[in-house]
Amino acid sequence: MKITLLDGQVKEFKQPMTVLAIAESIAVSLKKNCIGAVINNKKIVPNGAVLSKDCKLEIITERHALYKTAINYTAKVLTTFALKTVFPEGYPMMPDDDLTEHEFSAYFKSPKGIKFEDLKKIEEIANSFIGLGYDFKYFYPGDANEAEYMKQVKADGCVNVDTKVDMNSKDYIKMPTVLVRDVIFLARNALLPSTKSLFKIELTQLSGLQLEDDASGEITYRIHGIAETSETRLNQLKAELEEIKASDHKFIAKNLEIYHLDPIIGAGLPIWLPNGAILKQEIKKYLMEKEFDYDFIQIETPVIGTSQLYKISGHWDHYREDMFAPMALPKEEMVLKPMSCPHHISVYNYKQRSYKDLPLRFAEHALQHRYESSGSLTGLERVRAMELTDSHIFVRPNQVKVEFARCFNLIQEVLATFNIKIDYLSLSLRDPKNKEKYFDDDKMWNHAEAELEEVLKEMKLDYKKMPGEAAFYGPKLDIQARTAIGHEITVSTIQLDFLLPQKFELAFINALGEKERPIMIHRGLIGTYERFIAVLLEQTKGVLPLWCAPKQVEIIPVNEELNAAYADEVWKALKQAKIRAGIDNRDERLSYKIRDAQVKKIPFQLVLGKKEQEEKTVTYRKYGSEEQITVSLTEFIKILTNKIINKTYD
């Protein structure tokens, strides 16, 4: 067995070894500090895990970036034990998203239900485990310690903390059984050496959800918490979480009154409030102007389609679990549209196309519906009803590279206008072994992936290869960003598709008068408006560019009675210039009104008093600035109009 270390060094072993034993073979001091490892750059394991085949190994110590994962996993285990103590009739559940950089979550089912008031008791018991200082001891069925350790286990002492760990797995990584006090469980992640390695666990929130793969339909409780190894680090973590909250689009959107979620309407179905509707409409106007500049043709298609349509496209086989249930009608079965590709193909196919027609660029700001699990719904970031900035481009084979580059340039230009920060570019490829998720045609896939990567190299783009992330019909380039709470999301995408033109038998007449198959490029300009606006709110912290801000100017008369007429005159002049403004005529102090306009992040505040009224001027202050500048009303309108036209970000 060959183990490749982080520095490239290769160590050979004649038999399976635990991570801890491998660490000891490197250095005795490393054994003392090793709590686990990262295997092949992705799987995190405890130091008791046994490796039996060649792999890459990265030891996790306190200095490692993933040490926080071990802290959170340890806290999650102790919280699960505490839940089992308080609710012995209940049992843990295990979704994939239980650990983040900052917090952990324990998922639990309890027939009696769990209330927010119960968290204090659960927290006290979890922290009592810390005080008692139990070590985590690893063993395997059949090894020397099994009999001794099993004697210590109480009658009901097997807690299935991690239902996704297979004890009979034939993988090259063998995960250990863990004994702590008189309880055993199967480890899924790296753990701290002892419960006393933690300083404190604090449970912060309780929510309920229905897990996607849970057929029972019963509610699963999610207990959120934070933990650290010292008081200083815990206080630092709390400060970081406050900063994250201030950057979370859900918090910002509530303050700016952007959208609303109403349970009686349905989970994941956002309602755009007046401010949100304006923001979305302004962005849409800009995007449609850019699409016009880049020769896209706008079309509109229905929000439903027949199930037969999606059976032909392949969505029914490969995407069915993310689609809403079909609607059975007397003579047909209809489905809410999860994707627009089949509809756009219909537009292409309604008449014969010539090679001279291509490239043919269809764009649609399309309403779509996808059945996301309730547990994954997150503000605007992940919803069930969305509007996608969609496009499908039909090209001749010799036009793929130019058209792909053209799409990328458009996306770059648009994202630059909003000053969106990108994390990385993902070359999303298929997993060749997964014949269920991906259409089974090796020749087609090899050709499509090679062509896409060749384009990226010619464009000299830096990208990461991400196997298993392709669409079922083809490879894609995904432009990735990170949210305030650490989620990685796709902002824009360009996808290469040889499959759907084949399935729908698309053709164009080439220069020789023969039928030839076009290639299809899928383009998501900014993804969905919902997700993009979530990213925009987070990256700007709600300080939106003037041109798309819902309210661009707040007019504040010094005296509501004496200056009301002039305030109305200024408002009408701004409206005439297509500048969105409001008058704050509340019976409040001037300082309060100015501060309130700052809290609402309105780009410009106008203060109008006796002097401004007599001289037909305005005194303005930009958001975030203490400086007050007096200019003529005409000059102020000219300044704003210039900023709006040029879409400046200052």
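**Figure 1. Leu388 and the residues it touches.** In this predicted model, Leu388 touches Glu364, His365, Ala366, Gln368, Arg370, Gly527 and Thr528, leaving aside residues up to four places away in sequence. Leu388 belongs to strand E23. Is Leu388 buried or exposed? Its relative accessible area is 12%. Buried means under 20%, so Leu388 is buried. Now look along the chain to Thr630, 242 residues from Leu388. The C-alpha atoms of Leu388 and Thr630 are separated by 43 Å.

**Figure 2. Strand E23, enclosed by the rest of the structure.** Strand E23 covers residues 385-395. How many of its eleven residues are buried? Eleven of the eleven are, so E23 is largely enclosed by the rest of the structure. Follow the directions in which the residues point. Ala385, Glu387, Thr389, Ser391, Ile393 and Val395 point one way from E23. Met386, Leu388, Asp390, His392 and Phe394 point the other way. Residues of both sets are buried.

**Figure 3. The two strands paired with E23.** Strand E22 spans residues 360-369. E22 and E23 run antiparallel and are joined by ten bridges. Which residue of E23 is the bridge partner of Leu360? The partner is Phe394. Strand E30, residues 519-528, also pairs with E23. E23 and E30 run antiparallel, with seven bridges between them.

**Figure 4. A cis peptide bond at Pro359.** Leu358 and Pro359 are joined by a cis peptide bond. The omega angle of this bond is about 5 degrees. Where is Pro359? Pro359 sits in the loop between helix H11 and strand E22. Helix H11 covers residues 341-349.

**Figure 5. Cysteines without a disulfide.** How many disulfides does a search of the whole structure find? The search finds zero. Take Cys407, which is in no disulfide. The nearest cysteine sulfur is that of Cys341, 14 Å away. A disulfide needs two cysteine sulfur atoms within 2.5 Å. Cys407 has 2% relative accessibility, so this residue counts as buried. Cys548 is buried too, at 0% relative accessibility.

Figure 6. Strand E4 holds residues 36-39 and strand E5 residues 43-46. The two strands pair in the antiparallel sense over four bridges. Val38 stands opposite Ile44 in E5. How many residues lie between the strands of this hairpin? There are three. Asn40 is in the turn and has a positive phi of about 50 degrees.

**Figure 7. Lys14, an exposed loop residue.** Lys14 lies in the loop between strand E2 (10-12) and strand E3 (17-18). The relative accessible area of Lys14 is 89%. Exposed means over 50%, so Lys14 is exposed. Gly527 is 513 residues from Lys14 along the chain. Their C-alpha atoms are separated by 51 Å.

Figure 8. Lys578 has a positive phi, near 65 degrees, in a residue other than glycine. Where is Lys578? Lys578 is in the loop between helix H16 (564-576) and strand E32 (581-583). Lys578 counts as exposed at 71% relative accessibility. Lys616 is not a glycine, yet has a positive phi of about 55 degrees. Its loop runs between helix H18 (610-615) and strand E34 (617-622). Lys616 counts as partly exposed, at 42% relative accessibility.

**Figure 9. The whole protein chain, for orientation.** The chain has 19 helices and 35 strands. Its C-alpha atoms fill a box of roughly 90 × 75 × 60 Å along the principal axes. Of its 650 residues, 52% are buried. Among contacts with a separation of 6 or more, 70% join residues 24 or more positions apart. The accessible surface is about 31300 Å². Carbon and sulfur atoms account for 50% of this surface. The chain carries 89 positive and 94 negative charges. How far apart are their mean positions? The mean positions are 1 Å apart.

Technical notes: Residues numbered from 1 in each chain as written. Predicted model: local features only at pLDDT ≥ 70, side-chain atom pairs only at ≥ 80, totals over all residues. Heavy atoms only, no water. Buried < 20%, exposed > 50% of the residue type's maximum accessible area, 1.4 Å probe, protein only. Pairing = 2+ DSSP bridges. Contact = heavy atoms within 4.5 Å. Areas by Shrake-Rupley, 256 points an atom, 1.4 Å probe, with all protein chains shown as cover. Lys, Arg positive; Asp, Glu negative; His and termini not counted. Charge placed at Lys NZ, Arg CZ, Asp CG, Glu CD.
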